[in-house]
Amino acid sequence: MKALLLWIAIAYPVPHTAHTVDRLLPPPQTWVCPAKTFASDIPTRSGSWRYPPNIILCHRGPVNMGRTEKAVGYWKRLGYEFGNIKIAPSDDYGCATGQVPYSTIMIDIPSQGFKMGTHLGTTKTWRNNDTGQIFKAKIEIMSAWGDSERILEHELGHAMGFDDVHHVGHIMNGSWSLGGYGTEGLKK
Ligand SMILES: [Zn+2]
């Protein structure tokens with residue numbers, strides 16, 4: 001037994017690199033959003049904006065301008081319109097307090113209440129219950145996953161009013177590993 005363990009130790013030396021979370025690919029079975037059991041196969045849209053929303057990137061936020069423009073471009077190609085994208089200064093009141101201005105999608109790192117480890121991002125929308133009109137939204141993404149493929153695009157989909165789907169390969173699939181860039185049912 002001892003010889004076997006020694007052989008394993010020699011054959012498989014313990015790597016000296018520490019485990020880090022800044023990998024580009026999230027591990028399998030990671031949820032982009034809090035897992036939902038009532039997701040459908042075709043995207044349902046439960047809200048929409050009256051005017052193109054502006055986007056504010058909080059100073060400490062998970063994504064930079066380039067990453068945001070890429071994700072916004074994905075939705076623009078589907079026919080959705082956006083206002084200005086700007087990076088908030090480090091003393092921005094809205095980012096510091098979590099208060100999102102009207103007509104704005106704010107993107108920040110998770111606030112208190114975000115269940116670490118079960119999902120990578122979350123989106124909250126404020127809307128008129130009668131008309132479904134969305135008047136502001138807040139996207140929160142763990143900073144380690146801000147640059148990862150599809151996560152910001154997925155969360156922007158929620159900010160556009162879309163719900164999660166089961167459809168494999170679809171951008172709105174709530175499971176990261178079962179998702180993709182599929183746009184079925186999203187074109188405006
Ligand atoms: Zn989702």
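A nonpolar core is understood here as a set of buried Ala, Val, Leu, Ile, Met, Phe, Trp, Tyr and Cys residues that are joined through C-beta atoms within 7 Å. In this predicted model, the largest such core has 33 residues, and the members that touch the most others are I105, I107 and I141. Taking I105 as an example and setting aside its neighbours within four places in sequence, one finds it in contact with P53, I55, A137, I139 and A159.

Most residues other than glycine have a negative phi. S103, although not a glycine, has a positive phi of about 60 degrees, and it lies in the loop between α3 (93-97) and β4 (104-108). R150, likewise not a glycine, has a positive phi of about 75 degrees, and its place is in the loop between β6 (133-141) and α4 (151-159). S103 counts as partly exposed because 15 other C-beta atoms lie within 10 Å, and R150 is partly exposed because it has 18 other C-beta atoms within 10 Å.

As for confidence, the mean pLDDT of the protein chain is 83, with 77% of its residues reaching 70 or more. Among the elements, strand β2 (residues 54-57) has the highest mean pLDDT, 98, whereas helix α1 (residues 2-11) has the lowest, 51. Over residues 12-24 the pLDDT is below 50, and this stretch has 3 contacts in the model beyond near neighbours in sequence. Where pLDDT is low, the predicted coordinates should not be read in detail.

Methods: Residues are numbered from 1 along each chain as its sequence is written. This is a predicted model: local features need pLDDT of at least 70, side-chain atom pairs count only at pLDDT 80 or more; totals for chains, interfaces and linings use all residues. pLDDT is the predictor's confidence in each residue, from 0 to 100. Helices (H or I, at least four residues) and strands (E, at least two) are DSSP runs, numbered from the N terminus. Two residues are in contact if their C-beta atoms, placed from the backbone, lie within 7 Å. A residue is buried if 20 or more other C-beta atoms lie within 10 Å of its own, exposed if 12 or fewer, and partly exposed in between; C-beta atoms are placed from the backbone.
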